[in-house]
Structure formats: structure tokens, C-alpha cells
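Biologist: Please take a close look at the pairing of charged side chains in this model. A single connected account would be appreciated.

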Amino acid sequence: MSEMNLVVLGGRLVCEPDVRELQDGRPICLMRVACPAARRTPGGSRAPREELDVIVLGAKARRIARHLHPGHGVVVQGSLQMESWEEGEGPEQEGVCVLAHRVCFIVRPPGWPARWVHATWLVWSGMGVLLP
């Protein structure tokens, strides 16, 4: 079996994207994407949404920060990456984020039914995915 680290997720931005510069001068964009939860609670209802941190590197980082705002839809294709950080005096924290290779904006053209947006945009964006 070959190994693979590929993630495709669709959701909405939770907060404004944060653009910074790395030590070598390359831009980096940090954003948080909320996705519907796939799991169910013990009572049978759908669990609350999942929020994932997404990292975008390079020229795409500035474009994303300029055009995306909280509530905008986005599809991200990338890979999972383990991150660790320290918060104050406490122990080191760990978490998973998505290192984005491709980001597609989901914008509904005026007058289009909302149910058509995801399927149409994913095909137009070249990701080759058609959702019902």
C-alpha cells in the first residue's frame, strides 16, 4: 500500500485571514475554516461544526487575505501537518492543521440557487469533484 497525505475540505471562514511574513520574506496566511461535522452525538444529532486551521504559503497568501472574509465559502486541497506551540508557562500544545496546496473561493453568482454553487464551482475550479 502506498502512503498518502491528502485532504480536501469545504467550509466557511471563521475569522479574517491573518497574513504575516516568514524570516525569509515569504508571505504566510493563517485562516480558520469551519466544516460540517461528519460524526453524530450519542443522542443521534449531528455534532457541532469542526474548525480547522489552514496555512497558505507564497503569493496565494496575499490574494486570499485581500479577497476572503468571515463567512465566505472556500474549498481547500492540501496535506495534514502536525504543529506544536507553547502558551505562556504551560506545557507544549500540539494540534493538526492543513497546509494548503490549492484554495478555491466559493462565490455564488447573482441569481443562482444556493444548491448549485458547490457542485458548479468545484468543477469550474478544476478539482474534478462533483458533489450532489
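Modeller: A residue is called exposed over 50% relative accessible area, buried under 20%, and partly exposed in between (1.4 Å probe, protein chains only). The model is predicted, so local features need pLDDT of at least 70 and side-chain atom pairs count only at pLDDT 80 or more, while totals for chains, interfaces and linings use all residues. Residues are numbered from 1 along each chain as its sequence is written, and side-chain values use heavy atoms, without hydrogens and water.

The structure contains six salt bridges (a side-chain nitrogen of Lys or Arg within 4 Å of a carboxyl oxygen of Asp or Glu). One of them joins E21 to R62, with 2.9 Å between the closest N and O atoms. This pair connects distant parts of the chain, 41 residues apart: E21 belongs to strand 2 (residues 18–21) and R62 to helix 1 (residues 59–67). Such elements are DSSP runs numbered from the N terminus: helices are H or I, at least four residues, and strands are E, at least two. E21 counts as exposed because its relative accessibility is 52%, whereas R62, at 37%, is partly exposed.

A further salt bridge brings D24 and R26 together at 3.0 Å, N to O. D24 is exposed at 55%; R26 is partly exposed at 41%.

R32 pairs with D53, their closest N and O atoms lying 2.3 Å apart. Here too distant parts of the chain are linked, 21 residues apart, with R32 in strand 3 (residues 27–35) and D53 in strand 4 (residues 50–57). Through shared partners, salt bridges unite R32, R49, E51 and D53 in one network.
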